[in-house]
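Let's take a walk through this one, a stop at a time. Keep the model open beside you and follow along.

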Amino acid sequence: MRRALALAEAVTNITTPNPRVGCVIVRDGVLLGAGATQAVGGPHAEVCALRDAAARGVDVRGATAYVTLEPCSHFGRTPPCCDALVAAGLGRVVAAMGDPNPLVNGRGMARLRAAGIQTVAGICEEEALALNIGFVARMSRGTPWAWLKTAASLDGRSALENGQSQWITGPQARDDGHRWRARSCVVLTGIGTVLHDNPRLNVRALETPRQPRKALIDGDFRLPEDALLIEGAPLLVFTAREDDAKAARLAQRGVQVILLPGERPGTVDLPAVMQWLAADGVNEVHVEAGPGLNGALLRAGCVDELISYVAPVLLGDAQPMARLPALSSLAQARRFEFTDMVRLGADVRVRARVAEHWDALRAQVRLG
């Protein structure tokens, strides 16, 4: 199963909106075939593994397939993988986790059992879920998995009071941040960041088969029409102010403007943004924004995970990572659980997630 997970991880940046899936077929400890899900419209992992076995000239009848996600049981862009495994005469299928897609959701394993194939589930479940946490979130709760990326000092400051932030962290940390950009479906920022920094928010530190789309929260629709953010990958602008003429000009340059006003004038409904993105096939959202939007997303419950790069410096009276209201009690604090810590040059990357969000999604993929 760990070999299948490695195959799935190798296609992290190409399968969206489909899940990242790996499959290996084994008999008596001998690898017969292996494969991973390809880009949309291409074959799924199970079919790739069966084709690999056929190319090797080996017979897979009675063999075991290890797959990181329950085989699909429905017709989409490709036929059901269950049918392919049954036709090939597999003797056993081991799945890391269930597929929360309502069109599958246990039906894949049930169809295999009905065909006389032995099934086992739950092997390396947590690793498989981590690899496809966005797909599971979109399928089971109707919103993507969103992580908030920050770069800050030891005292939690993300920029000087005048806005200067380049660079708090070193090159290794910045390159690692690009890897997280590349993994995501959408890179999300706010209009304050655009007006102050004029970023491109594309992936530059590594080669990637696709650039993630970009999204902007811009309540008053202040986006400059010469902003660098417009260049490259398609841009989504979520706003609260109608300006049909400006929207039409931007549409000619590949920008889609979506009107989603919030309760207060000039604000955007952030939970509705996440729902809109999920409906558009977005699994994972990478947030790179200023303290204002960071705080708003946290207050709205739209953040599932923090990816924080911490530099060994103190900045004193400067801008925070997120603007949040003062608390009167520690019981009101927003709690996360640490999941990972990595040294990157002089800096440290810390990952922490909302435990309740993770636990809820894990329950969705557990096969009985």
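Start at asparagine 283, which sits in the loop between helix H10 (270–279) and strand E12 (284–287). The helix and strand labels here are DSSP runs numbered from the N terminus, with helices (H or I) of at least four residues and strands (E) of at least two. Before going further, note that this is a predicted model, in which local features need pLDDT of at least 70 and side-chain atom pairs count only at pLDDT 80 or more, while totals for chains, interfaces and linings use all residues. Residues are numbered from 1 along each chain as its sequence is written, and side-chain values use heavy atoms, with hydrogens and water left out.

Is asparagine 283 buried or exposed? It counts as buried because its relative accessibility is 5%; buried means under 20% relative accessible area, exposed means over 50%, and partly exposed is what lies in between, using a 1.4 Å probe and protein chains only. Its side chain makes a polar contact with the side chain of arginine 138, at 2.6 Å. (A polar contact is a pair of N or O atoms within 3.5 Å; within protein, one must be able to donate a hydrogen and the other to accept it, and residues adjacent in sequence count only if both atoms are side-chain atoms.) Not counting residues up to four places away in sequence, asparagine 283 also touches a set that includes Thr16, Pro17, Phe135 and Trp145, where contact means heavy atoms within 4.5 Å.

The peptide bond from threonine 16 to proline 17 is cis, with omega near 5°. Proline 17 lies in the loop between helix H1 (2–10) and strand E1 (22–27). Most peptide bonds are trans, and most residues other than glycine have a negative phi.

That second point has its own exceptions here. Asparagine 198 has a positive phi of about 50° although it is not a glycine, and you'll find asparagine 198 in the loop between helix H8 (191–197) and strand E9 (213–217). Phenylalanine 221 also has a positive phi, near 55°, and belongs to the loop between E9 and strand E10 (235–239). How exposed are they? Asparagine 198 counts as partly exposed at 32% relative accessibility, whereas phenylalanine 221 is buried, with a relative accessible area of 1%.

Now back to arginine 138, for a look at helix H6. In H6, Ile133, Gly134, Phe135, Val136, Ala137 and Arg138 are buried. What covers these buried residues includes H5, strand E6 (145–152), H7, H10, E12 and H12. Just after H6, glycine 142 takes a positive phi of about 80°. Asparagine 132 is buried, with a relative accessible area of 3%, and its side chain reaches the backbone oxygen of arginine 20 at 2.7 Å.

The axes of H6 (residues 133–141) and H12 (residues 355–365) come within 10 Å and cross at roughly 80°. Axes are lines fitted to C-alpha atoms, for helices over the stretch in contact, and angles run from 0 to 180 degrees between N-to-C directions. H6 and H12 are therefore roughly perpendicular to each other, the class for 65 to 115 degrees, with under 35 roughly parallel, over 145 roughly antiparallel and the rest oblique. On the H6 side the contact uses Ile133, Val136, Ala137, Ser140 and Arg141, which meet His357, Trp358, Leu361, Gln364 and Val365 in H12.

For a last stop, go to isoleucine 25 in strand E1, which counts as buried at 0% relative accessibility. Isoleucine 25 and valine 60 are 35 residues apart in sequence and 7.6 Å apart in space, C-alpha to C-alpha. Leaving aside neighbours within four places in sequence, the contacts of isoleucine 25 include Val30, Leu50, Val60 and Leu90.
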